[in-house]
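User: I would like to learn how to read a few features of a protein model, one at a time. Could you walk me through them?

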Amino acid sequence: MFKVTLKSLFSHKARLIFSLLAIILGVAFVAGSFTFTDMMRRSFENIASGTVSDVSVTLDMKTDDLMAYYYVDPTDSPRLKEADLEKIRQVDGVTKAAGTIVGSIYTIDKDGKVITTFGPPTVSSNYYDLPAWKNQPGITVLDGRAPAADNEAGVDPETLRRSGLKLGDQIRFTDGAHTWTKTLVGTLKWGTGGTSGALYNFFNDKTARELMMPGVGDGYMGAWISLEDYNQVDQVVKDLKPLLPQDFKISTGEEDSKEIMKITDESLGFMTIFFLVFAAIALLVGSILIINTFSIIVTQQSRELALYRILGAYQRQVRLLIVGEALFLGLIGSVIGLFAGMGISSLIVWILNQTVMDLGSIVPRPTVEAIVASFAVGLGVTTLSSLMPSIRASRVDPIVALSGHESTTRKSLQIRLIVATIMVVLGAVFLGLTFAGVDPVELWLGSGAVALLIGLSLGSPLFGSPLVNGIGWIFTKLHGTPGRLARLNALRHPQRTAATATALIIGMALVTTLGIFGASAKASTIPAMEETFGADMMVLANTNPYSAPVSVPEETLEKISNLESVKSVSVLREGSFLMNKKIIGAYAFDPGEFNTVLKTVMVQGRTYKSGNEAVISEKFATEKKLQVGSTMHLTDMLGASPQDLEVVGIYKPKSEIMINFGDVFVPAEWLNGVAPSKPDVLLVNAESPDKVDPVVDKINEVTKDSPLIGVQTVDDILKQVSSSVDMLLAQMFALLALAVIIATLGIVNTLSLSILERVGEIGMLRVVGMLRRDVRRMIRDESVIISLLGSILGIILGVVLGVAVSSIMRSSGLEELAIPWASLGITLVLAVLIGVFAGLWPARAASRVDVLDAIAQE
């Protein structure tokens, strides 16, 4: 049977290729997900190992959050003196030690715009020529030289590229309140790996102190220590501890690297899940294609299999023949898919290196996880996909099979439709529970979606027949006899047509659901902003959330307050504290402005009045298990300066879609008393709506010398929200495109195999006068009918699911339901194009059928 299996496979090259493509695409996506995650992790490992020393000395923050270092005032915090460094250098095993100064100073490009990022931080540091952990390269000079003089600076290659400058040019830096000009003398970065999107600036010790420790004449924030032999690290740490000043701690390179990778793994974990979800979608669609392919293959092989049975083959051997084909395809597809996934991962990393972030030179490798997942998916899914066709084929009576009659019975269709009806009813019940808000709504929504999808897939021979008739009628009117024959061909095998369309049903349903979610999110934003935001514009620093916070200068506040046509300026101030070793922000408005600016609803208690009173959000109260009357115990980042806040009120926003300024609000006089703060955000109202644009222009004039400070109107904020939603949807649509591609291959595969089945029929049509172009038109029309069938059913299911998703998202602020009808219309046009494209090759093959050979076969 092994030889028979191979002969059967290679005698039908077209179906072999298309079946392999389905498996390869599914496996490649799974393998690519694991490989890409591994490449990202190794990139971050290289970065982590190049940015930590053998031993480091840092401020002893009472939290694991690395952002805590940004919330310590460098002018009023403990620091290492040169004498402390000298003591460190005298310890046995220490070869070198350098003081470190780190902060966020932003680079200004040649056009006066600040260079920043959306995620990774901007890190500025003093330069020191010491190796990193285990003698790896530390700060590496790539071009030019390191900054030595007070008027010199170095940046990373990406910053240089984005600045539009070259070595030797004058380059400007800013902290939001001040601007400095230096001579650019080199490009540098940490270690030999990538930068992962982070931006680096380097200065000599004096300049770094001037920029990041203003007013401090000497000292450092920490120490970078290199050892003669890292195996002696435990003894060195033991010897160093007694020498450290108070409020400083010591850590090893291994500890620091693990801490960085812990944060990295949390981010990559989400990314892995994200990719695997879409891999599962691709596999589901691919599995449908494989099942349909094997069903057609079994139908075409019915006479061949019947001959085996008559010659003495057992039912078990017939099953083994079909499953053997599946195993062979699964094995080959798994191997190719694994390497294709590695290639896709390399391509993604290359694109990221060229456009978004520098990940370094990372070569893909076949990890154990990727190999196991690839073969489990490739072999497992393919084998399971062949089981039902093999069982069905082995049970067909040989005489019936030799006669060439269809093996599908009316009873099997009835059973299929009964199961489909049950699943549709169950899906409707589950979605009814979703709309009713019965917990857990997410479970009911997911169960309803799966049940409806299964019901539509199984019942589409029944549900789809009216649609096929309707669409076919249109093509009959447009193309005459070829259109009518295309309709009859699609109706001849309702199960096959339905199975082919199922892949498109899944893809289009997901696309429609996401489209409705995105449209509803954007439609809900406008009324939410009007309901919750009580200002015409905001003035704030345009910085990265993972870099040091930048305040609005007091002189800028004063100038804006005195501008003509400005009705009011509300100042939001921020102070950062630790609560149970977690960073929390305490925000302050002037008395009476809290509800005026944010327009919240008090759930319990009242707003703050004075002293150490606090109002907290309902979400924060739930997370921290607080209530009115509770006391919040706070400290600074070093665990000192304890403060207590009494919760006097709990609020919730009028809409969940609002600008989140914070979860804890306190009186301004209390905040200024315990943690003197600068303005974080200015909320500005113009005297009238027609004065908004003139006020914006005046604010831009005031802040022209502060590149980090910008003004955003309500329209600007809405555009940002819309852009963010569009970007997220674009990424998801790009991944869903894989499902559509596989679905398109399914149509090509089905039509190609059905042409082999209908060779005699096509020959007879040619004999009675049908032209080649009419044959091509008939096949293309059939392809478009199948494509429109899947798309229309998918859109109907997607609208239902989209409405359900919007319903359960009401509590999160998605209060406006918006169905993008124009986009759905474009989707139908796309379905027609998919049908035309999918029908090109089969139509061409059908038109080239040799008439005499076809009649001979008939």
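**Reading the model**

Analyst: Happy to. Pro440 sits in the loop between α12 (410-436) and α13 (441-479), where helices (H or I, at least four residues) and strands (E, at least two) are DSSP runs numbered from the N terminus. The peptide bond leading from Asp439 to Pro440 is cis, with omega near -5 degrees. Two notes on the ground rules. This is a predicted model, in which local features need pLDDT of at least 70 and side-chain atom pairs count only at pLDDT 80 or more, while totals for chains, interfaces and linings use all residues. Residues are numbered from 1 along each chain as its sequence is written, and side-chain values use heavy atoms, with hydrogens and water left out.

User: Which residues other than glycine have a positive phi?

Analyst: Asp247 is one of them, with phi near 75 degrees. Asp247 lies in the loop between α6 (233-240) and β13 (248-252) and is partly exposed at 30% relative accessibility. Here buried means under 20% relative accessible area, exposed over 50%, and partly exposed in between (1.4 Å probe, protein chains only). Asn580 is another case, with phi near 55 degrees. Asn580 belongs to the loop between β15 (566-579) and β16 (582-589), and is exposed, with a relative accessible area of 65%.

User: How many salt bridges does a search of the whole structure find?

Analyst: First the idea: side chains of opposite charge can pair when their charged atoms come close. The criterion is a side-chain nitrogen of Lys or Arg within 4 Å of a carboxyl oxygen of Asp or Glu. The search of the whole structure finds 16 salt bridges. Among them, Arg145 pairs with Glu152 at 2.5 Å, N to O; Arg145 is partly exposed at 39%, whereas Glu152 is buried at 11%. Arg606 pairs with Glu613, their closest N and O atoms being 2.7 Å apart. There, Arg606 is partly exposed at 32% and Glu613 is buried at 13%.

User: What lines the largest cavity?

Analyst: On a 1 Å grid over the protein atoms alone, a cavity is a set of points where a 1.4 Å probe fits but cannot get out, and lining residues have an atom within 4 Å of a point. Grid points are joined across faces, edges and corners, and a volume is the space filled by probe spheres set on the points. The structure holds 4 cavities of 30 Å³ or more, and the largest has a volume of about 80 Å³. Its lining includes Asn489, His493, Arg496, Thr750 and Glu782. Helix α21 (714-757) is among the elements that each supply at least two lining residues, and the largest share, 3 residues, comes from α21.

User: And which residues make the nonpolar surface patch?

Analyst: Leu331, Ile332, Val335, Ile336 and Phe339 make a nonpolar patch of about 400 Å². Patch residues have over 30% relative accessible area and no salt bridge; like charges are joined within 9 Å, nonpolar side chains (Val, Leu, Ile, Met, Phe, Trp, Tyr) within 5 Å. Areas come from the Shrake-Rupley method with a 1.4 Å probe, and for residues only the protein chains shown count as cover. Ile336 is in helix α9 (residues 315-355) and is partly exposed at 38%.

Key:
On a 1 Å grid over the protein atoms alone, a cavity is a set of points where a 1.4 Å probe fits but cannot get out, and a pocket is an open set with protein on both sides within 12 Å along at least five of seven lines; lining residues have an atom within 4 Å of a point.
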